[in-house]
Amino acid sequence: IEAGVAATPPVEKKVSEGSPGDHPQVKRTRSGDSTDTIWETAEGADEDDLEEETRGTKEETVFRKLGLLVAKKWGAKGSEKRPTVTQEELQKHSSEEDFWVMINGMVFDIGPFLRDEAKHPGGKAILMRQLELTGSDAGARFVRWHNAAGNAVRRAPEYFVGDLLGWTPPKKWRLCCCRRRSAPEEVL
């Protein structure tokens, strides 16, 4: 050490143990946010690498892939094989151990994650936050935390309960440059 210059102490950073990118100057500590998070290897990465181009927003891509995977296991929307759920049925399942969520008109049972019958990579806390914040409408939060090539989208059909009867997609608004204001998509 040169005169007058102190040695730089190791940087302490909150990271989960076993993450890639270990660095000798980083002191590893457990995150205090959730004790039951798990790290998983992506499934189907080779298949996803074959896709040359993705069109649309992240939301459109996630919902399209989710719909395709549900249809592959349960049949096309409206088919006899594919179950349906009423709004009343959905509302009955809103407790800390029996919780159904709706994502783009499709209903999924996340109760197994809350009852420790299955492990959610983000832990139970993130699912409880969904229940507290927005209840059964989980589309926006699902898109925020997942991607079309992720394991959550691939495994979701296992937890599919049915299509929500009477559900229609919300209208999309796009900026209309000629009017300098927003207008519904069908107007443009």
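**Close-up views of a predicted model**

**View 1. Helix 2 and helix 6 each supply at least two residues of the lining of the second largest pocket.** Helices (H or I, at least four residues) and strands (E, at least two) are DSSP runs numbered from the N terminus. A pocket is an open set of points on a 1 Å grid over the protein atoms alone, where a 1.4 Å probe fits, with protein on both sides within 12 Å along at least five of seven lines; lining residues have an atom within 4 Å of a point. This is a predicted model, in which local features need pLDDT of at least 70 and side-chain atom pairs count only at pLDDT 80 or more, while totals for chains, interfaces and linings use all residues. Residues are numbered from 1 along each chain as its sequence is written, and side-chain values use heavy atoms, with hydrogens and water left out. Helix 2 gives the most to the lining, with five residues. Of the 19 lining residues, the closest to the pocket's centre are Phe63, Asn104, Trp167, Pro169 and Pro170.

**View 2. The largest nonpolar core has 24 residues.** Such a core is a set of buried Ala, Val, Leu, Ile, Met, Phe, Trp, Tyr and Cys residues joined through side-chain atoms within 4.5 Å. Buried means under 20% relative accessible area, with a 1.4 Å probe and protein chains only. Val62, Leu66, Val101, Ile103 and Phe108 have the most contacts inside this core. Helix 2 gives the most to this core, with five residues.

**View 3. What does Leu66 touch, leaving aside its neighbours within four places in sequence?** Leu66 is in contact (heavy atoms within 4.5 Å) with Ile103, Met106, Phe108, Phe142, Val153 and Ala156. A second, separate core of seven residues includes Val85, Leu90, Trp100 and Val161.

**View 4. Strand 4 and strand 5 form a hairpin with two residues between them.** Look in the turn for Asn104, which has a positive phi of about 55 degrees. The two strands run antiparallel and are joined by four bridges; strands pair if DSSP finds at least two bridges between them. Ile103 stands opposite Met106 in strand 5. From strand 4, Trp100 and Met102 point one way and Val101 and Ile103 the other, and all are buried.

**View 5. Strand 5 is covered on both faces.** Met106 and Phe108 lie on one side, Val107 and Asp109 on the other, and all are buried. Strand 5 is also joined to strand 6 (residues 160-164) by three bridges, and these strands run antiparallel. Here Val107 stands opposite Gly162 in strand 6.

Note on methods
Buried means under 20% relative accessible area, exposed over 50%, partly exposed in between (1.4 Å probe, protein chains only).
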